[in-house]
Protein chains: 2
Amino acid sequence: MILNGDTRGVALQAKLFRGFGDASRLSILDVLREGPLTVGEIVEATGLSQSNTSNHLACLRDCGLVMAEPQGRYVTYSLSDPRVRELMALGESLLADVARGVYQCTRYEETEPVGTEEG
Amino acid sequence: MILNGDTRGVALQAKLFRGFGDASRLSILDVLREGPLTVGEIVEATGLSQSNTSNHLACLRDCGLVMAEPQGRYVTYSLSDPRVRELMALGESLLADVARGVYQCTRYEETEPVGTEEG
DNA sequence: ATAATATATTATTAGTTGCTGATATGATGA
DNA sequence: TCATCATATCAGCAACTAATAATATATTAT
């Protein structure tokens, strides 16, 4: 067994990717791609509950994927780094080619974000 | 609430990112970056158990992140798309700048891959 | 045919994660 | 001050996930 010394790095990197690995968080990141939004606007745009949104925002903020800027009683959030956008674009591009496989992957569930309906 | 019609896309994309969002799977992807390996070699390189490795490989294969090529009783795995490599590189780069934040993020745990020790 | 090897599959289980509902904090306006 | 609004925090629960151990399926060698 190789103890490649990068073990901790891999664990941290996995944790980073998990920021993107939840449909609710990804919805939030997605709506922030068009520009900064307040929490209320994010709630409205994603259909997530207020506390759920706030929880995920705390997670994304702690992880450094989004930035918070308080203004009075509002807090405006935005993507913190251009690479967040790049990662999403790359994921989107990759997904376009492997979507069918991802859809069929049964090791873990798809976890549709709560509160969003569908036609 | 905006029903942006991309809801399903977001859910799928989240699922794709979860392929990278587990330390064991990421270890596997990581060792495959240097070139194709058989299952046994992956087991040795990562320190994961055989069945655990096989389970994760099935997941990664189904999702289209890795390719399997059976040769006799061996099965050689390799990354299936250059974008997998790119995504990892981008994640690594982003992590270099936000590592402290990720480390402190307490919403979910770090899930060190089992079987790898540390100094 | 039998044993040994390489990989895959499955059930079980322990631990993790996300959601809700309730409540707290802090800011603004009357 | 008091009411209202925007956001954050927290406990509890339901659901999910990854690891293990045991077993199954192929493939090669004797």
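In chain B, A68 of strand 2 has its bridge partner in strand 3, namely B:Y77. The model is predicted.

- Three strands of chain B form an open sheet, in the order 1-3-2, with antiparallel pairing.
- Strand 1 (37–38) and strand 2 of chain B are the edge strands, and each of them pairs on one side only.
- Strand 2 (residues 66–71) of chain B and strand 3 (residues 74–79) of chain B run antiparallel and are joined by six bridges.
- The hairpin of strand 2 and strand 3 of chain B has two residues between the strands, and B:G72 there has a positive phi near 65 degrees.
- Strand 1 of chain B also runs antiparallel to strand 3 of chain B, and two bridges join them.
- B:Y77 of strand 3 stands opposite B:L37, and B:Y77 is also the bridge partner of B:A68.

- Helix 2 (residues 23–32) of chain B lies across strand 1, strand 2 and strand 3 of chain B.
- The angle between helix 2 of chain B and strand 3 of chain B is about 90 degrees.

**Helix 3 and helix 4 of chain A**

- Helix 3 (residues 39–46) and helix 4 (residues 50–62) of chain A pack at about 115 degrees, and their axes are 10 Å apart.
- Helix 3 of chain A is therefore roughly perpendicular to helix 4 of chain A.
- The crossing of helix 3 of chain A with helix 4 of chain A is right-handed.
- Helix 3 of chain A contributes A:V39, A:I42, A:V43 and A:T46 to the contact, and helix 4 of chain A contributes A:Q50, A:T53, A:S54 and A:L57.
- The residues of this contact in chain A comprise four nonpolar, four polar and no charged.

**Helix 3 and helix 4 of chain B**

- In chain B, the axes of helix 3 (residues 39–46) and helix 4 (residues 50–62) come within 10 Å and cross at roughly 115 degrees.
- Helix 3 and helix 4 of chain B are therefore roughly perpendicular to each other.
- Helix 3 of chain B passes helix 4 of chain B in a right-handed crossing.
- B:V39, B:I42, B:V43 and B:T46 of helix 3 make the contact with B:Q50, B:T53, B:S54 and B:L57 of helix 4.

Definitions and conventions: Residues are numbered from 1 along each chain as its sequence is written. Chains are lettered from A and ligands numbered from 1 in the order in which they are written. This is a predicted model: local features need pLDDT of at least 70, side-chain atom pairs count only at pLDDT 80 or more; totals for chains, interfaces and linings use all residues. Axes are lines fitted to C-alpha atoms, for helices over the stretch in contact, and angles run from 0 to 180 degrees between N-to-C directions. Helices (H or I, at least four residues) and strands (E, at least two) are DSSP runs, numbered from the N terminus. Angles under 35 degrees count as roughly parallel, over 145 as roughly antiparallel, 65 to 115 as roughly perpendicular and the rest as oblique. A crossing is left-handed if the near helix is turned anticlockwise from the far one by less than a right angle, and right-handed if clockwise. Two residues are in contact if their C-beta atoms, placed from the backbone, lie within 7 Å. Ala, Val, Leu, Ile, Met, Phe, Trp, Tyr, Cys and Pro count as nonpolar, Asp, Glu, Lys and Arg as charged, and the others, Gly among them, as polar. Two strands pair if DSSP finds at least two bridges between them.
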